[in-house]
Amino acid sequence: MQPQTEGMIMIKALFFDIDGTLISFDTHKVPQSTIEGIKKAKENGVKVFISTGRPQPIICNLDQILPYIDGYVTTNGAYCFIGDTVVNCEEINKAEVLHIVEHSRRLGVACVVVGKKHIAVVNENEQFDGIFRKMLKITTLDVLTPLEEVLEEGVIQLTPFFTEEQEKEILAPLSGCTCGRWHPDFVDVTAKGIDKGLGLEMMAKHLGLKIEETMAFGDGGNDIPIIERAGVGVAMGNAGDNVKAAANYTTTHIDDNGVWNALKAYHVI
């Protein structure tokens with residue numbers, strides 16, 4: 001698929017998902033070509049942002065590109081910041097938080113509860129450990145906060161390990177929530193209308209950028225809103241068909257210079 005570059009506005013800001021986009025599921029590292037591409041983009045005056053479903057405390061695998069990052073869209077847009085400046089922070093209605101927590105307890109499934117500052121895990125179990133600690137290599141979950149304290153500070157995201165059928169049954173009646181799924185075993189829940197696409201909008205407004213000047217990369221279902229909203233939406237070659245259908249451009253696999261190739265195709269580098 002060749003990009004349509006004729007008459008294209010210059011890209012001034014890049015937004016990158018983490019897992020499967022920046023971080024390879026095979027190597028658990030940022031590919032060298034991605035590092036080089038991001039470095040060249042920065043040298044060309046382009047800003048670099050992270051756009052992830054991860055909350056800030058568990059973003060623990062970006063040391064290779066940390067010097068190049070200008071800001072973060074975290075928890076699928078619920079908490080966005082540049083340095084010490086909070087660009088957006090949206091809580092979920094407490095009654096709906098408790099509804100999800102209680103159903104997680106009833107089903108005996110894990111649920112990650114993300115507060116404004118801390119994280120709690122309900123029903124921490126082997127499934128949770130297998131994905132978060134082993135597959136995603138999250139090394140910052142050793143110190144968790146009691147649920148009551150997290151509920152008190154305000155919850156910005158929940159990640160219950162609901163199946164798609166359970167999601168439809170339990171979450172459909174909730175009027176104040178938005179759901180995004182990038183893994184078959186769990187779903188991310190944020191306040192109504194909150195997703196990565198809104199996070200991009202908030203960042204662009206804060207920076208005085210036009211949406212047309214933004215470019216977003218992703219591979220999972222929760223990336224679809226930002227891929228659709230960005231001036232240029234890029235699906236990784238390893239993305240699902242639904243993500244590719246939403247994108248302006250499908251690049252190669254993450255481990256086959258996917259980010260580099262897309263940046264070259266759109267003359268960012």
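Student: Why is Glu167 called buried?

Tutor: Its relative accessibility is 18%. Buried means under 20% relative accessible area, exposed over 50%, partly exposed in between, with a 1.4 Å probe and protein chains only. So Glu167 counts as buried. This is a predicted model, where local features need pLDDT of at least 70, side-chain atom pairs count only at pLDDT 80 or more, and totals for chains, interfaces and linings use all residues. Residues are numbered from 1 along each chain as its sequence is written, and side-chain values use heavy atoms, with hydrogens and water left out.

Student: Why does Arg181 count as buried?

Tutor: Arg181 has 17% relative accessibility, so it counts as buried.

Student: What makes Glu167 and Arg181 a salt bridge?

Tutor: Their closest N and O atoms are 2.9 Å apart. A salt bridge is a side-chain nitrogen of Lys or Arg within 4 Å of a carboxyl oxygen of Asp or Glu, so the pair qualifies. Glu167 lies in helix 5 (residues 164-171) and Arg181 in strand 9 (residues 177-183), 14 residues apart. Helices (H or I, at least four residues) and strands (E, at least two) are DSSP runs, numbered from the N terminus.

Student: What makes Asp19 and Arg54 a salt bridge?

Tutor: The N to O distance is 2.8 Å. That falls within 4 Å, so the term applies. Both residues, Asp19 and Arg54, are buried.

Student: Which residues are in a salt-bridge network with Lys196?

Tutor: Asp17 and Asp223. Lys196 and Asp223 have their closest N and O atoms 2.5 Å apart. Both Lys196 and Asp223 are buried.
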